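Let us read a model together, feature by feature.

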Amino acid sequence: MVDRDGTPSLTEKPVPAVGFLSGLSGRLLLVTAIFVLIAEVLIFVPSVANMRLQWLRDRLNTAAAASVVIEGLPDHELPRPVQEETLMATGTKAIILKREDASRMVAAVDMPPSIDAQYDLSDVSTLTAVYDAFDTLLFGGERVIRVFGPVGESSTRIELLLDERALRRAMLGYARNVFILSMIISVVTASPIFFALNRLLIRPIRRMTANIQEFAADPSNPARVLEPSGGRDEIAVAGIHLAAMQQTLQRTLKEQKNLADLGLAVSKINHDMRNILSSAQLMSDRLSDVDDPVVKRVAPKLLRSIDRAVGYTNEVLSYGRMREPEPRRRFVALRPLVQEVSEVLALDSRSDIDFVAQVEPGLQVDADSEQLFRVIHNLCRNAVEALSQDSGAERRTVLVTGLRTGSVVSIAIDDNGPGMPAKARENLFAAFRGSVRSGGTGLGLAIARELVLAHGGTIALVEKPTPGTLFRIELPDRPVPLDAFRHRAS
């Protein structure tokens with residue numbers, strides 16, 4: 001199928017294949033893993049800071065233990081081999097003990113010319129520990145740092161000078177292990193979540209998607225309607241609504257097909273009806289030559305009725321095209337037009353249906369006379385048919401009134417019949433569904449509404465306390481152009 005602009009219709013456009021990573025399943029797994037990794041990162045930041053502090057404290061504790069042994073020795077410089085073994089055991093360049101009254105260099109080799117950073121481990125805040133940890137990871141490795149802190153609960157403090165390279169290497173190893181562990185945790189955590197959500201969400205969505213594709217390929221097949229899963233969650237409710245929508249669409253398509261078949265049948269009938277009415281027009285023209293006064297009085301009305309019959313044969317086709325001709329508006333006397341409607345309805349004195357026109361002789365309406373005739377005739381004809389089927393009222397009446405208020409003319413068609421059924425009210429002004437009587441098409445009200453709207457007016461069913469049906473039409477005058485007003489004023 002091809003749309004009006006020449007592009008392929010949606011049902012024939014190629015549907016891209018859904019891959020694992022591009023589909024919801026892959027995205028769900030990826031998003032779950034990412035969120036788990038984010039959670040691991042939030043855990044990693046304080047843990048790597050704590051690991052750094054613990055590493056430094058271990059060095060202080062080891063140096064403090066060695067210093068306790070050394071303090072028992074005579075107060076003189078230790079031999080070089082002892083110092084080297086002590087520094088190698090603690091992984092430092094220098095160990096210094098500080099008391100309140102004195103300081104002692106426990107061991108030292110290759111004293112650095114300068115110290116790049118120093119850290120007090122006696123009181124470290126969380127933010128400071130995190131900042132120092134990332135500073136070591138990102139910029140450390142070649143620096144010499146000074147670390148100091150208390151020895152146990154005593155007032156003695158111990159200071160260490162050490163190369164940051166070993167600390168950074170230990171932190172990188174810890175970070176690598178944490179990253180690997182985080183990946184394992186994320187996969188282990190994401191997998192059951194993925195399989196659970198895939199069963200609860202993705203599979204029902206895929207089922208609905210496959211059903212939509214199958215339904216689009218053959219929407220008239222009742223077997224393609226989705227069978228709801230029967231659950232109570234949001235997807236189950238969506239499936240119920242989708243099934244209801246598909247059923248409604250199938251009914252609409254069936255109605256559209258019936259309308260298309262009806263349009264084809266009416267076009268054939270219309271072709272033959274034109275020929276019949278053309279012959280009737282030719283024979284009616286000959287009546288004008290008859291000298292009988294009754295014939296001369298009736299012949300013009302008969303000709304107008306035949307002309308209107310020719311126009312009425314096009315009503316169904318005109319509605320099928322969804323377009324009526326633009327109204328050729330002018331000021332028309334309403335009373336003669338209503339009287340002509342009464343004559344076409346042929347309600348003679350022998351009928352028990354009265355047609356009453358309460359319209360002032362001078363009342364004019366700005367409208368297309370032929371289209372306004374069709375509107376009033378359709379409504380009055382419906383009223384007469386309703387009254388013909390009602391035997392309850394003693395005297396049945398169709399009342400047409402007209403009233404001008406400012407620039408708006410209000411026309412009311414009222415009857416004292418049985419009223420409009422509830423089903424007809426639900427589908428009011430809907431073609432082929434808003435019919436009042438059995439076997440009707442509902443085109444009369446639909447065409448009347450379309451013609452009134454083309455004039456910029458309104459038509460509505462008005463509730464009333466007495467039995468019957470009351471329609472009110474309101475038609476506004478066209479605004480007068482300023483140039484036309486000036487020309488008329490001059």
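Q: What should I know about the source before going on?
A: This is a predicted model: local features need pLDDT of at least 70, side-chain atom pairs count only at pLDDT 80 or more, and totals for chains, interfaces and linings use all residues. Residues are numbered from 1 along each chain as its sequence is written, and side-chain values use heavy atoms, with hydrogens and water left out.

Q: How many helices and strands does the chain have?
A: Both are DSSP runs, numbered from the N terminus: helices are H or I with at least four residues, strands are E with at least two. The chain has twelve helices and twelve strands.

Q: Which residues does UniProt list for "transmembrane region"?
A: UniProt positions are given in the numbering used here, with feature names shortened, and annotations may be inferred rather than shown by experiment. The unreviewed UniProt entry lists 28–49 and 178–197. Residues 28–49 are 100% helix and 0% strand, with end C-alpha atoms 32 Å apart. Residues 178–197 are also 100% helix and 0% strand, with end C-alpha atoms 28 Å apart.

Q: What share of the chain is buried?
A: Buried means under 20% relative accessible area, exposed over 50%, partly exposed in between (1.4 Å probe, protein chains only). Of the 490 residues, 36% count as buried.

Q: Is T469 buried or exposed?
A: T469 is buried, because its relative accessible area is 11%. T469 sits in strand β12 (residues 469–476). Leaving out residues up to four places away in sequence, T469 touches I413, D414, D415, G419, M420, L461 and K464.

Q: Where is R329, and what does R329 touch?
A: R329 lies in the loop between α7 (315–320) and β6 (330–333). R329 is buried too, at a relative accessible area of 16%. Not counting residues up to four places away in sequence, its contacts include D366, A367, H455 and D477.

Q: Which residues line the largest cavity?
A: On a 1 Å grid over the protein atoms alone, a cavity is a set of points where a 1.4 Å probe fits but cannot get out; lining residues have an atom within 4 Å of a point. The lining here is A367, L372, V375, L451, V452, H455 and L475. Helices α9 (369–388) and α11 (443–454) each give two or more residues to this lining.

Conventions:
On a 1 Å grid over the protein atoms alone, a cavity is a set of points where a 1.4 Å probe fits but cannot get out, and a pocket is an open set with protein on both sides within 12 Å along at least five of seven lines; lining residues have an atom within 4 Å of a point. Contact means heavy atoms within 4.5 Å.
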